[in-house]
Amino acid sequence: MKLLQLTSRIFFLFSAVSYLTIGILFYYIIKRIVYTEVETRLQVEKKQFQEFITENHEWSESSYFIENKVLVEPAAHLQPGYEAFEDTMIYSSYDNKNIPYRQILFYTEIQNKPYHVRIHKSLIGSLEIIQAITIIMAVIFTILLVSIYFFYRKLSKRIWRPFNRTLASLAQLDLSGNKKLIFERSSIYEFDMLNRTLEQMYGKLHQDYSSLKEFTENASHEMQSPMAVMQARIEQLIQSSTLSDKQFEIIRDIHDSASRMTKIHRGLTLLARIDNGQYTETSKEINLTRLLLQRIRTYEELLDDKKLEVTFEVEDFFVWSLSPELAEIMLTNMVGNAIRHNIPEGKIIIKSDENRIVIANTGIPLEGLSEAMFERFKKGNRDSESLGLGLAIVKRIAEACGLLINYQQENGWHIFTITLR
Amino acid sequence: MKVLIIEDEKGLADSIASHLSLEGLVCETVYNYRDASEKIALYKYDCIVVDINLPDGNGFTIIESLKRTNCTSGIIIISARDSVDDRIKGLEIGSDDYLIKPFYLSELNARIKSLMRRRNFGGSNEIEYGEIRVELLSRKVFVNNQEKNLTRKEYDLLLYFLSNQDIVLTRTSIAEHVWGDNIDSADSLDVVYSQIKNLRRKLTEHGGANYIHSVYGIGYKFGKA
């Protein structure tokens with residue numbers, strides 16, 4: 001979830017809750033205030049009534065012209081000091097309906113007889129006031145909340161802009177490129193600190209990466225000459241006719257190791273060069289299906305030798321733009337892999353349509369995670385002859401060229417699928 | 001045939017010279033740019049093997065100056081650098097081939113021979129060895145004048161042998177020559193064996209002598225016993 005969404009949501013929730021709470025509180029407070037006002041007046045009228053009684057010693061309905069204003073009824077006993085307030089509805093003949101009133105209840109003595117008195121006050125006006133005040137407050141509050149909300153959003157966007165820019169820059173980082181990471185200066189301290197720290201960190205990373213790259217390149221370069229000498233001298237040595245069988249065996253081991261080393265070196269150099277981006281310039285549109293078929297044909301003797309049966313299910317060609325060299329290396333490695341890890345009289349199936357190529361081969365089931373297949377020097381069966389680099393190279397080429405390689409094991413089949421990323 | 005080897009790594013230069021001499025090529029070696037320029041100015045060579053990285057200069061410059069003087073020598077670049085750009089540059093300025101170190105001496109040998117064959121206009125469009133005759137232009141092979149149907153790989157293999165007569169060739173160098181660099185060592189053992197078996201059979205089936213001999217554990221040698 002985006003930060004703005006989260007904070008907006010929280011803000012909204014908080015606003016809604018406080019809105020409701022305040023609203024309800026407000027309503028009750030106003031009501032209390034208004035009612036208190038009404039009750040105070042009623043108390044005044046009670047006093048006036050009592051004074052009237054004290055002076056005149058009697059009460060008649062005609063004293064007040066307001067309908068139902070004062071109701072005096074005989075009571076069973078006197079409860080001096082009793083005073084209560086109640087809401088009540090009284091039918092009014094003027095308006096033809098029930099009208100809400102607030103009444104005060106108390107007891108009094110007229111000519112030594114206890115009476116129960118109720119004085120009423122219309123609440124209509126008060127209620128209308130309450131409503132009006134509440135509505136006005138609600139509207140004001142809503143407007144306030146809404147405008148604060150929009151203001152907040154706008155402000156947020158503005159404030160976080162440098163941060164978002166930093167994020168965007170980071171997303172574009174390419175350690176192998178030569179671009180330096182430079183951020184704009186921000187007037188906000190935290191973002192400025194962030195940017196500066198990132199710049200430093202990246203600078204250091206880049207430096208380390210460059211020196212490592214340089215070191216690897218130099219080391220690899222330096223290795224080539226001694227390896228060349230070794231290989232050449234071995235080749236010369238084996239021409240000698242005065243070697244014993246035992247000596248030949250020793251030389252053979254040396255030769256095999258030297259060859260292995262050369263191959264490993266070649267593989268690692270290739271990986272380094274791909275990482276270096278050296279193959280990005282030479283892209284061409286390549287029919288990978290056709291190239292794959294070619295590669296299979298190159299190995300036909302090997303296929304015959306191991307009695308492997310190859311079936312093709314080509315619905316359509318898979319065409320993609322990439323370096324021809326890399327394409328060839330990738331497919332050759334995959335074919336080699338399918339042949340090498342197959343069982344005698346096993347099968348290979350090649351499927352192709354315009355979105356993918358599938359290379360599947362029968363073989364001994366492998367343990368371990370499928371992902372480990374693509375790591376350098378991981379070998380499934382302790383087949384010491386294979387280098388374990390082949391698939392790592394395949395994966396790296398795929399990554400560099402915008403392709404995706406997937407591996408699955410199913411019912412004794414090893415299935416590799418090439419698709420677009 | 002005269003070959004000039006320009007390579008600063010003495011051990012390597014001398015190995016190359018020795019190996020090529022086995023094949024009857026006359027070799028001279030120089031170890032730096034200055035000596036190379038001198039030699040080229042004074043003598044003519046059929047083939048020049050150049051290392052790009054020389055201590056006091058750049059192999060490319062030598063090639064460029066050779067081309068400027070309309071020199072007709074074959075030029076093969078050997079280099080530790082395997083960058084695509086270098087290879088393209090090498091071919092652009094006029095070299096005929098490009099080998100990456102480390103390489104098999106027999107491979108270099110085969111490339112030189114092949115280059116020489118390509119450049120020899122008129123005459124020797126054929127190679128003969130014992131009962132075997134190879135017509136290079138039509139890629140036909142005859143044993144005792146009977147045409148043999150060789151697959152493309154068998155043909156390449158035969159030429160490789162003929163270019164490296166009486167030289168022990170390792171299985172790996174054969175595999176890489178015929179199938180390309182990407183073949184893994186595991187595959188090469190079996191496949192070379194079966195290829196050679198097929199070739200031998202085809203060459204000897206109607207009375208041709210067998211010139212392909214296994215050398216214990218290491219590889220094969222083409223020659224008269």
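User: Which residue of chain B meets the side chain of Arg266(A) in a salt bridge?
Analyst: The model is predicted. A salt bridge pairs a Lys or Arg nitrogen with an Asp or Glu oxygen within 4 Å. The N to O distance here is 3.8 Å, and the partner of Arg266(A) is Glu176(B).

User: How many residue pairs are in polar contact between chain B and chain A?
Analyst: Between the two chains the count of salt bridges is 3. For polar contacts, both residues must be at pLDDT 80 or more, and the number of pairs is 13.

User: Which class is given 18 residues on the side of chain B that touches chain A?
Analyst: Chain B puts 45 residues in contact with 40 of chain A. On the chain B side, 13 are charged and 14 are polar. The class with 18 is nonpolar.

User: What share of the area buried between chain B and chain A do carbon and sulfur atoms give?
Analyst: The buried area is about 4,000 Å². Of this, carbon and sulfur atoms give 54%.

User: Which element gives the largest share of the lining of the largest cavity?
Analyst: The structure holds 1 cavity of 30 Å³ or more, and the space in the largest cavity is about 40 Å³. Helix H7 (324-340) and strand S8 (347-353) of chain A each give two or more residues to its lining. The largest share, 3 residues, comes from H7(A).

User: What class do the residues lining the largest cavity belong to?
Analyst: Among the lining residues are Ile296(A), Leu303(A), Val335(A) and Ala338(A). The lining has no polar and no charged residues. The count is 8, and the class is nonpolar.

Notes. Residues numbered from 1 in each chain as written. Chains lettered and ligands numbered in written order. Predicted model: local features only at pLDDT ≥ 70, side-chain atom pairs only at ≥ 80, totals over all residues. Heavy atoms only, no water. Contact = heavy atoms within 4.5 Å. Buried area = accessible area lost by both parts, 1.4 Å probe. Polar contact = N/O pair within 3.5 Å; in protein donor to acceptor, adjacent residues only side chain to side chain. Nonpolar A, V, L, I, M, F, W, Y, C, P; charged D, E, K, R; others polar. 1 Å grid on protein atoms, 1.4 Å probe; cavity = no way out; pocket = protein on both sides within 12 Å on 5 of 7 lines; lining within 4 Å. Points joined across faces, edges and corners; volume = space filled by probe spheres on them. Helix = DSSP H or I, 4+ residues; strand = E, 2+ residues; numbered from the N terminus.
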